[in-house]
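Look through the model first, then read on.

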Amino acid sequence: MSPAAEEPFGPEILIDDNGPVRTITFNRPHKRNAFDETLLAALHNAIVDAGRREDIRAVILTGDDNAFSTGADLNEYVGHGPLQARAANTRSWMRTFDAIESLDKPVIAAVRGYAIAGGTETILACDLVVAAEDSTFGLAEMRVGVMPGAGAVARLTRWVGRAYTKEILMTGDPLTGTEAHRIGLVNRLVPADQVLAEANRLAEVLALRSPVAMAAVKRSVNVASETPLPYGMHYALQEFALLFASDDQQEGMSAFLEKRRPKFTGH
């Protein structure tokens with residue numbers, strides 16, 4: 001663990017900045033990494049901080065061998081009325097997931113063990129998912145009389161379609177890593193002891209790409225997945241055109257023609 005693990009984001013997350021890759025580890029093993037407001041605030045701050053750092057080009061979110069996260073710490077919700085529940089989700093959960101989704105750098109979820117309820121909600125805000133073959137996903141809120149309230153209903157529909165989304169939400173049943181991979185919820189499925197190594201390999205590849213082009217791709221896919229086709233296509237065309245004002249575009253094309261590896265600066 002790098003010295004950055006000592007940074008004051010709070011004890012409920014650990015930060016490891018290794019070259020251009022920041023790894024954020026959820027650190028509530030006694031609660032199977034269930035999210036409380038303190039952890040969510042720390043995660044939000046670590047994501048915002050990564051966005052400010054030019055040296056950080058990719059982010060990995062992970063838990064421990066037993067759990068990525070089992071979702072909300074329900075102790076914080078007992079006794080809530082409608083307005084309190086809405087305010088809590090807006091203040092903590094939605095703010096944090098919006099920060100992950102809008103970060104102009106790729107975010108990879110590295111999943112071992114359980115990623116259920118808010119754990120699955122978290123990966124839906126990420127860009128890519130590397131998961132263990134024996135990992136477990138699902139949105140189990142129906143089993144406690146509620147439904148996901150931090151964006152998963154919309155995000156999951158866009159990831160896997162209406163039919164799978166309704167089944168996952170209405171039954172509350174868990175999905176194995178293999179099932180999650182089959183329906184497109186997981187990008188790469190590997191043995192549990194290879195999850196972090198595979199996530200780091202992927203992050204290091206992404207870190208070599210142009211940061212400005214990477215941010216443009218992320219924005220374009222996010223917009224295109226939520227808008228009519230003509231708008232999404234025109235939005236992506238605009239992002240494409242604007243890249244020709246960047247140093248990275250000139251460096252990338254020059255390097256290709258000169259048969260050398262490009263040195264992208266993010267400018």
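## The second largest pocket

The second largest pocket has a volume of about 460 Å³. Of its 20 lining residues, Cys126, Asp127, Trp159, Val221 and Asn222 are the closest to its centre. A pocket is an open set of points on a 1 Å grid over the protein atoms alone, where a 1.4 Å probe fits, with protein on both sides within 12 Å along at least five of seven lines; lining residues have an atom within 4 Å of a point. The volume is the space filled by probe spheres set on the points.

Helix α8 gives the largest share of the lining, five residues. α3 (118-125), α4 (152-160) and α8 (211-224) each supply at least two. Helices are DSSP runs of H or I, at least four residues; strands are runs of E, at least two. The lining divides into ten nonpolar, four polar and six charged residues.

## Basis of the model

The model is predicted: local features need pLDDT of at least 70, side-chain atom pairs pLDDT 80 or more, while totals for chains, interfaces and linings use all residues. Numbering runs from 1 along each chain as its sequence is written, and side-chain values use heavy atoms, without hydrogens and water.

## Leu175

Leu175 sits in strand β9 (residues 175-176). Leu175 counts as buried because its relative accessibility is 10%; buried means under 20% relative accessible area (1.4 Å probe, protein chains only).

Phe137 is 38 residues from Leu175 in sequence, yet 5.0 Å away in space, C-alpha to C-alpha. Contacts of Leu175 (heavy atoms within 4.5 Å) include Phe137, Ile168 and Ile183.

Note on methods: Buried means under 20% relative accessible area, exposed over 50%, partly exposed in between (1.4 Å probe, protein chains only). Ala, Val, Leu, Ile, Met, Phe, Trp, Tyr, Cys and Pro count as nonpolar, Asp, Glu, Lys and Arg as charged, and the others, Gly among them, as polar. Lists of a residue's contacts leave out its neighbours within four places in sequence.
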